[in-house]
Amino acid sequence: MQQILTLSERLFGARQKGEQDCSDPALMRRITEGDEAAYRMLVERHIHKMFALANRILHNHDDAEDVVQDAFLKIWTNRENWNHDGAKVTTWLYRVVTNRCIDLKRKPASASIDAVTEPKDERPNAPAQIESRQAKERLNEAVSHLPEKQQTALMLFYQEGMSNQEVSEIMGVSVNAVHSLLKRARQQLRVNLKDNKL
């Protein structure tokens, strides 16, 4: 993530003191005119949230950084084509990051050093921490077996704290479809976790 901020600084220089933050639509108007300071402000404003989103979906720090960097570079390289009457910048970012993460997850997995088991932890709270981590891993495993649209809806609703309306805008489906996706996902998770299918 620091690499993206560093890339922004290399391309456009460090943020100057006294630069005023403005709304995302105002920044996008300035960005379409080639305003590098506005681009830097937009990146700084949203990079941490977009990285957290990508990292939750991918469970891989490096891939998450790559996805976020691609999303922000798209804003700059395609700035002339931005539709000011279209989606909000944050909605567009969520959609691009989410879709790019899904694309990466569909690629065949390669061996990762993250797959190596960890050594035994001798700290006093280790059993409770391990139990908590295993419960999270079990839930993440159960979620990973859901259809992609259900996974995305769950993550945006529960982890990002978005409303059904916001999720529908990001996913490009109706609010009723989001409600249905969430309901089916919760039902399937209950079944899978109760029956220890995973």
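**Charged pairs and a helix crossing**

Let me begin with D35, which is partly exposed because its relative accessible area is 24%; partly exposed lies between buried, under 20%, and exposed, over 50%, with a 1.4 Å probe and protein chains only. Before I go on: this is a predicted model, where local features need pLDDT of at least 70, side-chain atom pairs count only at pLDDT 80 or more, and totals for chains, interfaces and linings use all residues. Residues are numbered from 1 along each chain as its sequence is written, and side-chain values use heavy atoms, leaving out hydrogens and water.

The partner of D35 is R30, and their side chains form a salt bridge at 2.8 Å, N to O. By salt bridge I mean a side-chain nitrogen of Lys or Arg within 4 Å of a carboxyl oxygen of Asp or Glu. R30 is partly exposed too, with a relative accessible area of 24%.

R30 also takes part in a contact between helices α2 and α3. Helices are DSSP runs of H or I with at least four residues, numbered from the N terminus. Helix α2 covers residues 24-32 and helix α3 residues 36-58; their axes come within 8 Å and cross at roughly 140°. The axes are lines fitted to C-alpha atoms over the stretch in contact, and angles run from 0 to 180 degrees between N-to-C directions. The pair is therefore oblique, the class left over once angles under 35 degrees are called roughly parallel, over 145 roughly antiparallel and 65 to 115 roughly perpendicular.

Which residues make the contact? On the α2 side they are D24, L27, M28, R30 and I31, and on the α3 side A37, A38, Y39, M41, L42, R45 and H46, where contact means heavy atoms within 4.5 Å.

Two of those residues, D24 and R45, form a salt bridge, with the closest N and O atoms 2.6 Å apart. D24 lies in α2 and R45 in α3, so the bridge ties together parts 21 residues apart in sequence. D24 counts as buried at 15% relative accessibility, whereas R45 is partly exposed at 33%.

The last pair is E160 and R56, whose side chains meet in a salt bridge at 1.6 Å, N to O. E160 sits in the loop between α7 (148-159) and α8 (164-171), R56 sits in helix α3, and the two are 104 residues apart. Is E160 buried or exposed? E160 is buried, with a relative accessible area of 12%, and R56 is partly exposed at 28%.

Over the whole structure, the search finds 7 salt bridges.
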